[in-house]
Amino acid sequence: MADKKPTLLVVEDDEGLQAQLKWAYEDFDVVIAGDRDSAITALRSETPAVVTLDLGLPPDPDGTTEGFAVLDAIMKLKPDTKVIVASGHDARESALQAIERGAYDFYQKPLDIDALGLIVRRAFNLHQIEDENRRLLANSSEDKTVLGRLITGAPEMVKVARTIERVASTSVSVMLLGASGTGKELLAQGLHDASDRANGPFVAINCAAIPENLLESELFGHEKGAFTGAVKTTEGKIESASGGTLFLDEVGDIPLPLQVKLLRFLQERTIERIGGRKTISVDTRIVCATHQDLESMIGAGTFREDLFYRLAEIVVRIPGLAERHGDAVLLAKAFLKRFASDMNPAVTGFGPDALTAIDAHEWPGNVRELENRVKRAVIMADGKLVNAGDLDFDDDQDDSAEALNLKAAREQADRKVIRHALARSEGNISSTAKLLGISRPTLYDLLKQYDLHA
């Protein structure tokens, strides 16, 4: 059975352009509408994910009022629809007004089929990502899983979350491995919330942020008078997390002498406070994280091998943001919504150039960098939309040299979208073709053309 083509609604009154667009988009089920009434009827009956909309519609073919009326109706009836607006009238002003009203993107007439095709396919891809993310979040809120806290549409992160769900109900020690800013504490909190310890405390400590001479007291506590300044008996983090979960972030920074004491706790489940002689039984589950290569540290003698195997009964590797295809845009929108309400309510969204920049950036600082950039952009934005300049990316990321060669830029964009779709579909050709909105034979041709492999 042939794969069902995704539906593209083309709102255009020029019969010549109607035929041209229908011919150009043979990979889509193209539905044509020539005026406002037929466009709204098609929107209700066909529920297209993407709409291309000419602003110059009858009875105002030389203006934009009727086109904007259609855009407003689409945004009211189906706000998740990606609307790509076209106009030859006062293009810059029309573009800004269209984006402010909720349009996904804008292109100026005369029509460039290839350029518009890239925008249409990108819109379908983004709609698919957002739709999947909404389904994941809806399911997670019903099931009270860790995905209720995790915004993602990337299969790489869904797999991580499912792994955490499976181990949450056990008592094993879990080690989260990932670069700084990938969300290790968020996942640790999710593991705690999904476990039978959810009603107990969740205590987090960053082992790299506490001086070595104070870390032992922070973890194990101390008795009154144990050292200068110990004016009262104080519980350590291990003890205060009893009945719940202790999250040890940057566990690789724990000094060797303290590693021995931590190992003893993991073996015997008892502690002694500094300056105390009483053995205290503690029921605390340990979840730890690090961005360091602990196996190399074991070889160098700076981390105990026996402690590693006690802490790493289950190892979960967290991909960086650049590996979570599509997540940067999803997270950016979530951050913008949060920050705008507190810091700049006038900001309502991102401009097309900002979304393109977010999607293209490598995000070496991962989610933390994204969060900081969006916060800054919301504060600095002058209008309703955050633009690429507000995000303050470095000038050396300008790839205008590649953009001068249209064919090379097209191929680069195709490769990127296909790789993202393959990753999201875990190499499944049929699913990848559906995600891209093309047929399987077309996908096979593209894979061969660009030397890509499923």
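**A cavity, a sheet and a buried alanine**

The largest cavity in this predicted model has a volume of about 40 Å³.

Me: How many cavities of 30 Å³ or more does the structure hold?
Reply: Happy to start there. The largest cavity has a volume of about 40 Å³, which is over the cut-off of 30 Å³. The number of cavities of 30 Å³ or more in the structure is one.

Me: Which strand gives the most to the lining of the largest cavity?
Reply: The lining includes Val-10, Val-11, Thr-52, Leu-53 and Asp-54, along with Ala-86 and Tyr-107 among others. E1 and E3 each supply at least two residues. With three residues, the strand that gives the most is E3.

Me: What is the bridge partner of Val-10 in E3?
Reply: Let's look at the two strands together. Strand E1 covers residues 7-11 and strand E3 covers residues 50-54; they run parallel and are joined by four bridges. Val-10 and Thr-52 are both among the residues lining the largest cavity. In E3, the partner of Val-10 is Thr-52.

Me: Which strands are the edge strands of the sheet?
Reply: The sheet is open, with five strands in the order E2-E1-E3-E4-E5 and parallel pairing. An edge strand pairs on one side only, and this holds for strand E2 (29-33) and strand E5 (105-108). On average, neighbouring strands of this sheet are turned by 20° against each other, direction ignored. The edge strands, then, are E2 and E5.

Me: What angle does the direction of helix H3 make with that of E3?
Reply: Helix H3 spans residues 65-77 and packs on the sheet. There, H3 touches E3 and strand E4 (82-87). The angle between the directions of H3 and E3 is about 160°.

Me: Is Ala-328 buried or exposed?
Reply: Ala-328 has its place in helix H13, residues 327-343. Not counting residues up to four places away in sequence, Ala-328 touches Leu-321, Ile-358, Trp-363 and Leu-370. The relative accessible area of Ala-328 is 8%, which is under the 20% cut-off, so Ala-328 is buried.

Me: What separates the C-alpha atoms of Ala-328 and Asp-359?
Reply: Good one to check in your viewer. Along the chain, Ala-328 and Asp-359 are 31 residues apart.

Me: How far apart are the end C-alpha atoms of residues 150-379?
Reply: UniProt lists these residues, in an unreviewed entry, as "domain: Sigma-54 factor interaction". Over this stretch the chain is 46% helix and 15% strand. The distance between the end C-alpha atoms is 25 Å.

How values were computed:
Residues are numbered from 1 along each chain as its sequence is written. This is a predicted model: local features need pLDDT of at least 70, side-chain atom pairs count only at pLDDT 80 or more; totals for chains, interfaces and linings use all residues. Side-chain values use heavy atoms; hydrogens and water are left out. UniProt positions are given in the numbering used here, feature names are shortened, and annotations may be inferred rather than shown by experiment. Two strands pair if DSSP finds at least two bridges between them. Axes are lines fitted to C-alpha atoms, for helices over the stretch in contact, and angles run from 0 to 180 degrees between N-to-C directions. Contact means heavy atoms within 4.5 Å. Buried means under 20% relative accessible area, exposed over 50%, partly exposed in between (1.4 Å probe, protein chains only). On a 1 Å grid over the protein atoms alone, a cavity is a set of points where a 1.4 Å probe fits but cannot get out, and a pocket is an open set with protein on both sides within 12 Å along at least five of seven lines; lining residues have an atom within 4 Å of a point. Grid points are joined across faces, edges and corners, and a volume is the space filled by probe spheres set on the points.
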